[in-house]
Amino acid sequence: MTRSGQKPPLWFAILALLAFVGWAPTDFLKHGTTHRRGAVRLAAAGETWWCQHGGINGKLKDCFEENMQTDGVPLLKDYDTYQASLPVRERGISQPLKLHQLQFFVRDRDLDVFAARLAANEQRPTVAYIAAASHSGKSASVVVGFLRSRELNTDCTRLDFTHYLYMPFANNGGNYHRKVSEAKLQRACGEDVELREALGAAYMKDCFKAQAFDSDYVDVWHLPNTTPTFRTAQKLLEKDVSTFMQRSPKGVLLVHVDEHGSMCPDPDFRRGAMRVLAELPGVQVLATYTDIPPLPKQKSSETCRRPIACLLPDVEAIMKERLRGLPMDDIDMRNEAILLRVATLRVTFGLALQKLLLAGLHIPSSELDRLLNKLENMLGNAGDNVKARLEKCIEHCNRMWMEDSKWQRKSLTDLLCGIDEDDDRVQEKRFPQVVALDDIITAPLEVLLRDRDEDQLSPANKLHRSCQRIFKQALKTSPRAAVTAGKILEYAYLWVLACNSCKFSELEFDELEARFQCQDIQPGYIFQKKSKRLDFAKVAEMQNATLYYAEGNHPCADIFFKDDSGALYLVDVGGTSNMSKALNKVRKMSDVLIKEGSHQDLQVRGVVLLPNIGSISQEDVGSISEAITVTGARARRLLGGLAQLLTWLPAV
């Protein structure tokens, strides 16, 4: 009971449940911020200013007054003038939303990683980029990352951002620099690549000057009177940037180039425009768009691109903010069935959020706003018990993201497996919509879960569709099974391993390589019913080129197959972040391998996948382990594009 003698509202109990099943936000740390001018500000323990009303605006205003404000630059003469240049979200005939004045819902751990990556001090000039779907929070995330990086840079090992400049090339309530046509380039320089890059540099110089010193945008860009060179444009731009930075000349300017694909149809022109800024001392460029910048891959000796993963929303914070003041029936927090349904709701609501676009959080009567109101009414319906309310919410969220029309997508199975960011195909192909994770290009999660590959008759697409149905069925029909024993994570690995082996005829688990080309997936069970010993009669019945997934609770193999030589591979999946539980999985697998290792006619190999465990050593296991243990980033890499799921899945 509360102090008033009344029961707490349902939203409070639901949030307590969310924390109990592993969805609590990570512990907040106290971070110091070292500024060039010597002032130090501390983010209080537990402070998440980005989730608070006015929090981002307040931090940005402080940063502006401390580091940027100067009468010598018209855009920086006062905060009102400066904030008029910041990104907005259009919403039909209504006034655009100013993103820096809105709340930004993201977990502190995710934001810290994002900010550190943004401020990484690279050996050579780079254009960092975020590639993700429209309305996914790309533009809003940059200024938050800029501000957070200043709090985290206590040891000055990262870039010391003091200035932020937003340069849009489309949308933004009509305030953007206008496109340069291909026809204009053709008249000026034909197909000359070098001259096109030089013109791109001259264009960026003019855009920067118009925005910084005229507080305006280039409406019609006029070609230079004399044929420009890249270096000439760069020297002129360097002088303007120096003037712009006069308040904090030793700081770093973060230039946010938004909608870079709209500058001009020509990639050479766009490359020159971004290079000219990125190669200046004290400047870091971040590009946001639905595709990647036309620059060489990282590790190139030239100015290159480097990916930054788009931030995904903090479901717990959004639910806490929006699902308020509901009536409360008795909830037994020890009831596992209820806890599991709460965890499943977190998964399905997170997927619905991605599909319905985050901007809707701040727009009354948007589809997302209506979803939240619907969930609030369902959770507050006193006519249903708590379990029934949660199941109705899960079912409704599933409908929101599952029942869209299916599309055919170019290279979707490639994107599902994850295309290495430095793969030549990334430079040669244009994808309609991509997401950049830490080192791969993939498709948005909702697209992977819904759509099919353009090559519908390919073996990989057939496997993709089969695994997709299994995965969605688990979410759709059985809220309890969706998280019990990590079934969703198991099916995610099944999905990507099947498609990957089909395309590349092998699977790699760290140093263990299995020659195997999947052609089919089947449910199966190969252990004796009353022991953890293999049933060799069932093993003998296993078909070649088939990837099996466990029916029911399997002793220690969620996925299993025979490679081209006939060796049996047992793959166990653990979503736990608890080291004790993880070690238990490794020991169980090792015990099975030791017991079955004496079988003369069959070679058995075991793999344990632990994406939420940093690392495990032989000392941790306590004995020589026969199992191959794949942990952390290496295990997540095997999930390809479905690694995006780990934001929603609870630790088990």
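A salt bridge is a side-chain nitrogen of Lys or Arg within 4 Å of a carboxyl oxygen of Asp or Glu. With that in mind, welcome to this predicted model, where a search of the whole structure turns up 25 salt bridges.

**View 1. Asp110 and Arg107 meet in a salt bridge.** The N to O distance between their side chains is 3.1 Å. Asp110 is buried, since its relative accessible area is 19% and buried means under 20%. Arg107 counts as buried too, at 17% relative accessibility.

**View 2. Glu122 pairs with Arg117 through a salt bridge.** Here the closest N and O atoms are 3.9 Å apart. Glu122 is partly exposed, with a relative accessible area of 27%, and Arg117 is partly exposed as well, at 25%.

**View 3. Asp206 and Lys205 form a salt bridge, and another group of residues forms a network.** Between Asp206 and Lys205, the closest N and O atoms lie 2.7 Å apart. Asp206 is partly exposed at 24% relative accessible area, whereas Lys205, at 17%, counts as buried. Take a look also at Glu197, Arg231, Asp268, Arg271, Arg275 and Glu279, which are joined into one network by salt bridges that share partners.

**View 4. The rings of Tyr548 and Phe560 are stacked.** Across the whole structure, a search finds 16 aromatic pairs. In this one, the ring centres are 5.5 Å apart and the planes stand at 0°, so the pair is stacked. Tyr548 belongs to strand 18 (residues 546–550) and Phe560 to strand 19 (residues 559–562), so the pair ties together parts that are 12 residues apart in sequence. Tyr548 is buried, with 8% relative accessibility, and Phe560 is buried with a relative accessible area of 0%.

**View 5. Phe561 and Tyr569 make a stacked aromatic pair.** Their rings are 4.9 Å from centre to centre, with 5° between the planes. Are these two residues buried or exposed? Both Phe561 and Tyr569 are buried.

**View 6. Four aromatic residues form one cluster.** To find them, look for Phe169, Tyr203, Trp221 and Phe269.

Notes: Residues are numbered from 1 along each chain as its sequence is written. This is a predicted model: local features need pLDDT of at least 70, side-chain atom pairs count only at pLDDT 80 or more; totals for chains, interfaces and linings use all residues. Side-chain values use heavy atoms; hydrogens and water are left out. Rings of Phe, Tyr and Trp (its six-membered ring) pair if their centres lie within 6.5 Å; planes under 30 degrees apart count as stacked, over 60 as edge-to-face and the rest as tilted. Helices (H or I, at least four residues) and strands (E, at least two) are DSSP runs, numbered from the N terminus. Buried means under 20% relative accessible area, exposed over 50%, partly exposed in between (1.4 Å probe, protein chains only).
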